[in-house]
Amino acid sequence: MLAQALSAFGTVGQTRFNANLPHGVAWNLASVPWDAPHTVLELAIGRMEQNARLASPDIAIFTNILPAHLEYHRDLATIAARKSRIFSGMKPGGIAILNRDMAEWHHVQLQARSRGLDVFNYGRCADADFRLIDYDPAARRVVADIRGCPVEYTLGAGGEHMALNSLATLSAVSLLGRDISAAIAALQTFKPVAGRGSEMRLQLNGRNIHLIDETYNASPGSMEAAFALLGTTPTKGRRIAVLGEMLELGPDAPEYHTQLAASCVKNRIDEIYTLGDLFDGFWKNLPPGARGGRPKSLDVLKAMLNTQIEEGDVILLKGSHATRLYDVANWFVERGQPHTGSC
């Protein structure tokens, strides 16, 4: 999203193929055109200090601190501390843009200030420098306050989490001294990439469906955001969630999965399919009418969906990458034909 917004001001170098560890960061840096005025890089929490030294960022953006990869990072405080190592590659006077509503915000902003960085915040919080005031999910309309200036704009991507991402994006553009109106125009056509929220309207077996592909990865926070998107997506049919397990969450993984049931109910999801034993408690907490199926393999899941999806259904695919739900997304695309009508 940030790369697209900055494209209004010239060539943008950016992370490709999710190469966010040191060798990938170095490869991406070496591939940036010499005359590119901006470069946007994703830096992995693993080996963050080395990543930061390589990238030497002028601006660092924290989108969130949430339970993820807890098998390796123990708890949220550890995640925050390790992510904060990005500041070690920055010079005093650099800029840290932080999600004011995230867990461990206080710890992260202290780490940034200890490095002599200027700290700015975005989010819904009343004291955020870049504040989300309202979001209309049907129209994808954002109402925000950009350092005291009210703005309204429409996003090409759906979901309140994308509205918050757009504020992080506009924060960086504004703090670079660029004209945010040009960036806002670019955001109107922004589309999420495959596996990270891309949306497709397909005709499968004569039935028009709306597919939301979130198969790149999954954590409790990203699951909640995906359910909210599904729950606010207009449809003439049902809202269906097809879920793979969230991996690397440590000993509390079953409880993290069980807790998701309440969010499915809150967001009025009509039918749910799950893969994996970690969903045992989740399944018991679902209303009986929402229990679509618990297939034991991707092939069985495909067979179920092939016979049970109906005209107008909106289908969310969401799970950790290792669950291979992306195979199901590819199956939909290979079997379906694009269509431009509403579902």
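Buried means under 20% relative accessible area, exposed means over 50%, and partly exposed is in between, worked out with a 1.4 Å probe on protein chains only. With that in hand, take F17: its relative accessible area is 73%, so F17 is exposed. Before going further, note that this is a predicted model, where local features need pLDDT of at least 70, side-chain atom pairs count only at pLDDT 80 or more, and totals for chains, interfaces and linings use all residues. Residues are numbered from 1 along each chain as its sequence is written, and side-chain values use heavy atoms, with hydrogens and water left out.

Let's stay with the rings for a moment. Rings of Phe, Tyr and Trp (for Trp, its six-membered ring) pair if their centres lie within 6.5 Å; planes under 30 degrees apart count as stacked, over 60 as edge-to-face, and the rest as tilted. The model has 4 aromatic pairs by that rule. One of them brings F17 together with W27: the ring centres are 6.2 Å apart and the planes sit at 35°, so this pair is tilted. Helices (H or I, at least four residues) and strands (E, at least two) are DSSP runs, numbered from the N terminus. In those terms, F17 is in the loop between β1 (12–14) and α2 (22–30) while W27 is in helix α2, so the pair ties together parts that are 10 residues apart in sequence. W27 counts as partly exposed, because its relative accessibility is 42%. Another pair is F279 with F282, whose centres are 5.2 Å apart with planes at 70°, so that one is edge-to-face. Both F279 and F282 are buried.

Rings also turn up under charges here. A charge sits over a ring if NZ of Lys or CZ of Arg is within 6 Å of the ring centre and within 35 degrees of the ring normal. R100 does this with W105, its charged end lying 3.6 Å from the centre of the ring. R196 has its charged end over the ring of Y216, 4.0 Å from the centre.

Now for strand β14. All 5 of the 5 residues in β14 (residues 314–318) are buried, so the strand is largely enclosed by the rest of the structure. V314, L316 and K318 point one way from β14, I315 and L317 point the other way, and all are buried. Which strands pair with β14? Two strands pair if DSSP finds at least two bridges between them. Strand β10 (residues 207–214) pairs with β14 in the parallel sense over 5 bridges, and strand β11 (residues 239–243) also runs parallel to β14, joined by 5 bridges.

On to charge pairs. Side chains of opposite charge can pair when their charged atoms come close. A salt bridge is a side-chain nitrogen of Lys or Arg within 4 Å of a carboxyl oxygen of Asp or Glu. The structure holds 10 salt bridges. One of them joins R141 to E152, with the closest N and O atoms 3.7 Å apart. That pair links distant parts of the chain, with R141 in strand β7 (residues 141–146) and E152 in strand β8 (residues 149–154), 11 residues apart. R141 has 31% relative accessibility, so R141 counts as partly exposed.

E271 is buried, because its relative accessible area is 13%, and R238 counts as buried at 16% relative accessibility. R238 also forms a salt bridge with E310, the closest N and O atoms being 3.7 Å apart. E310 lies in the loop between α13 (298–308) and β14, so its pairing with R238 ties together parts that are 72 residues apart in sequence. E310 counts as partly exposed, at 41% relative accessibility. Salt bridges that share partners join R238, E271, E310 and D313 into one network.

Last stop: G276. This residue is in the loop between β12 (271–274) and α12 (280–285), and counts as partly exposed at 27% relative accessibility. Contact means heavy atoms within 4.5 Å. Leaving out residues up to four places away in sequence, G276 touches E245 and R294.
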